[in-house]
Amino acid sequence: MNIDVRLLSKDENIDLNSLLRAVSRVNERCGAIVLFIGIVKGLVEGNSRVRVLEYTSISNACIKIMEKIAREESEKYKLSQVTIWHRLGALEPGEVTVIIAVVAEDRKSAFRAAEEILERVKREAPIFKLEKRDDGEFWIIGDEMRVKREVK
Amino acid sequence: MRVIVRPHSIFRDRLGGDVILEFSEKEVVVKNILDKLESMYKISVIGVKPVIIVNDEIVTENYVVRGDSVELHLVPPFSGG
């Protein structure tokens with residue numbers, strides 16, 4: 001089982017071609033790669049325009065937890081490779097926020113594993129978002145809750 | 001013992017930055033730390049139940065922190081992805 005877990009800064013380049021080349025060579029018995037790419041939304045809550053989505057984390061804890069998720073899901077779905085790359089910093093609409101890549105023997109395992117890994121990263125990894133919009137700044141709490149930041 | 005509270009996200013706005021709490025005991029239950037923060041900063045007005053991380057692990061209110069100096073992260077539910 002290969003695990004590649006990283007927190008990337010905004011300036012670190014993500015080369016998807018290199019990533020796909022690397023994961024596709026992992027195991028000749030594997031027939032499926034699922035690659036999920038999360039990006040910053042430009043419009044939220046109706047027509048509120050997002051200027052920047054700012055990501056912060058508790059880095060050490062975050063890496064440990066993402067490695068644990070990758071290990072557990074690898075065992076559950078017999079994956080040959082799990083890649084979890086999460087970006088931090090101030091990202092603009094359309095920029096990549098997270099990459100999940102899994103390599104499995106069959107497509108069903110690959111799809112299920114990729115979705116589960118993403119949901120677990122969102123729920124279990126200590127990462128926080130501040131949404132800077134035309135109508136104010138909002139802390140995003142959990143999956144959906146937004147709390148407007150008090151202007152100081 | 002000394003507890004260094006490192007708030008994140010919405011809790012950082014509320015506390016204004018890291019907070020150092022001093023306790024006469026050598027060990028403290030997390031709930032007592034939260035009670036002290038509540039009396040100082042009224043963190044409950046945010047309406048968000050805090051998550052506590054100590055030594056890179058999520059811990060419950062009943063967890064006991066020990067030592068001369070401990071770092072405790074005070075965070076809201078996570079929102080990665």
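Colleague: Happy to look at this with you! What is the mean pLDDT of chain B, and what share of its residues reach 70 or more?

Modeller: The mean pLDDT of chain B is 96, and 100% of its residues reach 70 or more. This is a predicted model, and pLDDT is the predictor's confidence on a scale from 0 to 100. Within chain B, confidence is lowest in strand S5 (residues 57-59), with a mean of 95, and highest in S1(B), at 98.

Colleague: What does the predictor give for the complex as a whole?

Modeller: An ipTM of 0.93 and a pTM of 0.94.

Colleague: Good. Now, why is Leu72(B) called buried?

Modeller: The cut-off for buried is 20 or more other C-beta atoms within 10 Å. Leu72(B) has 23, so it counts as buried.

Colleague: Where is Leu72(B), and which residues is it in contact with beyond its sequence neighbours?

Modeller: Leu72(B) sits in strand S7 (residues 69-75) of chain B. Leaving aside neighbours within four places in sequence, its contacts are Val3(B), Val5(B), Ile33(B), Ile52(B), Val54(B) and Val65(B). Take Val5(B): 67 residues separate it from Leu72(B) in sequence, but the C-alpha atoms are 4.9 Å apart in space.

Colleague: What makes S1(B) and S7(B) a pair?

Modeller: Two strands pair if there are at least two bridges between them. Strand S1 (residues 2-7) of chain B and S7(B) have six, in the parallel sense, so they pair by that rule. One of the bridges links Val3(B) to Val70(B).

Colleague: Let's turn to the core. Which residues touch the most other members of the largest nonpolar core?

Modeller: That core has 54 residues, and Met66(A), Ile84(A), Ile100(A), Val102(A), Ala104(A), Ala113(A) and Ile117(A) touch the most other members. S7(A) gives the most to this core, with seven residues. In soluble globular proteins, nonpolar side chains tend to be buried together.

Colleague: What does Ile117(A) touch?

Modeller: Not counting residues up to four places away in sequence, Ile117(A) touches Ile69(A), Glu73(A), Val82(A), Ile84(A), Ile100(A) and Val102(A).

Colleague: Last one: how many residues of chain A are in contact with chain B?

Modeller: 27 residues of chain A are in contact with 15 residues of chain B. H3(A) gives the most to the chain A side, with five residues. That side divides into 13 nonpolar, six polar and eight charged residues.

Notes
Residues are numbered from 1 along each chain as its sequence is written. Chains are lettered from A and ligands numbered from 1 in the order in which they are written. This is a predicted model: local features need pLDDT of at least 70, side-chain atom pairs count only at pLDDT 80 or more; totals for chains, interfaces and linings use all residues. Two residues are in contact if their C-beta atoms, placed from the backbone, lie within 7 Å. Helices (H or I, at least four residues) and strands (E, at least two) are DSSP runs, numbered from the N terminus. Ala, Val, Leu, Ile, Met, Phe, Trp, Tyr, Cys and Pro count as nonpolar, Asp, Glu, Lys and Arg as charged, and the others, Gly among them, as polar. A nonpolar core is a set of buried Ala, Val, Leu, Ile, Met, Phe, Trp, Tyr and Cys residues joined through C-beta atoms within 7 Å. A residue is buried if 20 or more other C-beta atoms lie within 10 Å of its own, exposed if 12 or fewer, and partly exposed in between; C-beta atoms are placed from the backbone.
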